[in-house]
Amino acid sequence: MTELQLALGATTNDAPPRPSSRWWQDWFGTSGNALITVLCSVSLLCIGWLATQWLLLNATFAGTPDECKTASGACWPFLGAKLRYMAFGFYPFDQQWRPLLALLVFMGAAVVSMVPRFWGRGLLLLWVAAILPGLYALMAGGIFGLRAVPTTQWGGLPLSFMLSFVGLACALPLGILLALSRASELPVIRVLATCFIEIVRGVPLISILFMATVMLPLFMPDGVTVDKLLRAQIAIIIFAAAYIAEIVRGGLQDVPKGQLEAGAALGMGYWPVMFKIVLPQAIRKVIPPLVALFIGFFQDTTLVTIVGLLDFLDTVRSAMRDPAWQGIAVLEGYVFAAAVYFTFSALMGAYSRFLERHFRTSHD
């Protein structure tokens, strides 16, 4: 080391690190990390091998319940025998093409609606005026020669999708309105919004479902009833809106106040500034927590079973209670339900990442 380097403050630590004498130190760093990695890898391989044996190698793919009793693996004939019931519940067997068609149309419309080039007022109007009423008419019947099917017979996947996605779609604008109200400078509006949000978030969803199902009819006039499905849907909308409001409020607080001042300097009013400048930025910042909330509510629709509605998970549990399969196919139904929930949750997570890339959201 020269005198000039010493004068500039260079030290011997500036020298490049010498390569490790052991290859595993380059990969894992320390012997403890290497040991933990090896143990975890071996454990995962053992679990994977046992799962493969149960799911595939020792599984029964065709046969009767009696044949499954002697098998040491999964009993997949159970899914073949109960698939339609698990998917559509007590919906009339000869009419199950209707919920299947409604589910396919809903998924197709949802996929198209996820493409940014189709976003606009026309798409929203199409959903409100055509798609949702058409799907409801297809499921309920009573018109165009379709047999009427009461909502008490709806169940399975169509019910889960309706309660979660329709509920969240309606809760999003209500949640945004509550967030703006809580951030308002008007004391009465702010206090009312705060009380509503804190009260709803302070009780579990199951309590609100009970209130909507048991207490709401007590306040209705004699002879007036509200459909049980509609009551559960309203309860989910109210509950989700309170959580969405807090997420959006966090996004609003992250938008610099200079954005409001710049809009006011241009002569724009409060609502144009909020809807054209502030809200778009706020919602872009909270895409990940919003999608996480949507995934959670999609899975929480299983709670509607306490009010007499059979969602997808409950139809799976009911199928396992069939005397012919009881005690034979236990894990198979839950594995199937977990695969369905995981698939749709993973797709929503992937779409969240797509939106972040599309809006170039930064989390730095």
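1. Start at Phe78. Beyond its neighbours within four places in sequence, Phe78 is in contact (heavy atoms within 4.5 Å) with Met86, Ala319, Met320, Trp325, Ala329, Glu332 and Gly333.

2. A word on the basis. This is a predicted model, where local features need pLDDT of at least 70, side-chain atom pairs count only at pLDDT 80 or more, and totals for chains, interfaces and linings use all residues. Residues are numbered from 1 along each chain as its sequence is written, and side-chain values use heavy atoms, with hydrogens and water left out.

3. Phe78 and Leu252 touch the most other members of the largest nonpolar core, which has 88 residues. Such a core is a set of buried Ala, Val, Leu, Ile, Met, Phe, Trp, Tyr and Cys residues joined through side-chain atoms within 4.5 Å. Buried means under 20% relative accessible area, with a 1.4 Å probe and protein chains only. Helix 11 (residues 228–254) supplies the largest share of this core, 14 residues.

4. The chain has 16 helices and one strand; these are DSSP runs, H or I of at least four residues for helices and E of at least two for strands, numbered from the N terminus. The radius of gyration, taken over C-alpha atoms, is 28 Å, well over the 21 Å that the globule rule (2.2 Å times the number of residues to the power 0.38) gives for 364 residues, so the chain is more spread out than a compact globule.

5. An unreviewed UniProt entry annotates "transmembrane region" at several spans, including 100–119 and 333–351. Such annotations may be inferred rather than shown by experiment. Residues 100–119 are 70% helix. Residues 333–351 are 100% helix.

Definitions and conventions:
Buried means under 20% relative accessible area, exposed over 50%, partly exposed in between (1.4 Å probe, protein chains only).
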